[in-house]
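Hi,

Here is the structure I promised to pass on.

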Amino acid sequence: MSDFSATVEETKNGFHVDGYEKISYDFTFLDGVFDLENSQLAECYTRWGRVLAVTDQNVYDVYGEQIEKYFKHHKLELKVHKTKIGEKAKTIPTFLSIVDSMTEFGIYRKEPVLVVGGGLVTDVAGFACAAYRRNTNFIRVPTTVIGLIDASVSIKVAVNYGNYKNRLGAYHAPMHTFLDFTFLRTLPTAQIRNGFAELIKISTCSHLDTFNLLDKYCEQLIDTGFGRTDGAPLEVREAADKINREGIHEMLKLETPNLHEIGLDRVIAYGHTWSPMHELVPETPLRHGHAISIDMAYSATLANSRKLISDEEHRRILSLFSRAGLSMDHPQFDEDILDKGTAAILKTRDGKLRAAVPNPIGSCTFINDIEVSELNAALRRHKELMKEYPRNGEGLEAYVDASDTGYTENNKKEAKALEAAAEEAGSLNGNGHIHGGSLTNGHGNGTNGIKEQMANGTAKGLTNGVNGFTNGAKA
């Protein structure tokens, strides 16, 4: 929800407007959000007497009957839009199908859509709400670890465009988010592990106490669905509740001053410098948690090479990833992919690398001034280190499967287009150097460099490195 205030002043040549938007929204921890005796969610819809819910088919298969009974008990008419959501279905057609359901339902301007599912569902449905009449309310009920810990915190909503992650989107806050960790009882272990990476992310760079708890209870947290499965030890459940609450709180403290990402030095971007390439390059996509884990593990090696973390801290971080069964390396992670990922992120981050790394565990610094040779040397060292770990640092159940609805085998033609786009956007060569955000790529005095091409509109429509061509085609 938001309120807006503004002033208008007349100037010599026209007018000047100052506008200020107040954004307010709530989070409620509530186990059993769809239990009949818990009326909190239903009360949000009493005024309307009805509910339009958007969820994915997997969630509906498990919880659909309970959801139907819940709203019937509270005398609320329910319509459910069931969709197939995964990175491959996080698209404009999926977005439009939700818009069509909103139109058919006859949604009122202030009437909130209910969105139930993981981060991908809340992304697409949230964007539909942002676009519908330019501002339609929604309420989130996330059902996965990533949805509960990470996606629920942000007000970013988006869809992919072609191969380009989150290319079309908005900043649109929900009215309310209900956090129900009992959903983790039925979440596959692979998805628990996938979300575990997000907690490593925030704790490694911002919250040492949470990192210590993850380190202490790692295997038990994953095996028991964060203490929610039957027979889980009370000690593990209590540790999980502390981890989840403090992790979300820390994420909110870091994100809320920068909800619209005006500031690009973001602590929670640890693991998100090179990970987009890791997600998209394999023929079968890597799960998001595994992709960012490869990035985080490599970034930890880079930080250790710079003496920002000690050898002991470095090994402790790598050990946690390994124990969790998360990926730390991938056969296709080579200097070429590193170069392309670097070139892409420089565009996204306005010409600076802004690589978040621990310094030490529990705090963060950003790397900008670095030679390409140093990046490559750190990668070679990292791969040598990986030989000491199970599976040479590859993760367990790292690739998407049927539990990630909407995924299919990555189209080879799309993958080649992705690589071509990244290459044309400018890859770093052996003589490249990143210094305070300036990229030199073998072009004398910058002539014919990608920055100049972009300024002149001659970079064939390339806008964001790996993210490819404007409107999916060369300009």
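A word on classes before the details: Ala, Val, Leu, Ile, Met, Phe, Trp, Tyr, Cys and Pro count as nonpolar, Asp, Glu, Lys and Arg as charged, and the others, Gly among them, as polar. This is a predicted model, where local features need pLDDT of at least 70 and side-chain atom pairs count only at pLDDT 80 or more, while totals for chains, interfaces and linings use all residues. Numbering runs from 1 along each chain as its sequence is written, and side-chain values use heavy atoms, with hydrogens and water left out.

There are two cavities of 30 Å³ or more. (A cavity is a set of points on a 1 Å grid over the protein atoms alone where a 1.4 Å probe fits but cannot get out, and lining residues have an atom within 4 Å of a point; volume is the space filled by probe spheres set on the points, joined across faces, edges and corners.)

The largest cavity comes to about 40 Å³. Its lining has seven nonpolar, three polar and no charged residues, including His278, His330 and Phe333.

Finally, S11 (residues 355–358) and S12 (residues 364–367) pair antiparallel over four bridges; pairing takes at least two DSSP bridges. Five residues separate them in a hairpin, and Gly362 in the turn has a positive phi of about 100 degrees.

Cheers

Conventions: 1 Å grid on protein atoms, 1.4 Å probe; cavity = no way out; pocket = protein on both sides within 12 Å on 5 of 7 lines; lining within 4 Å. Helix = DSSP H or I, 4+ residues; strand = E, 2+ residues; numbered from the N terminus.
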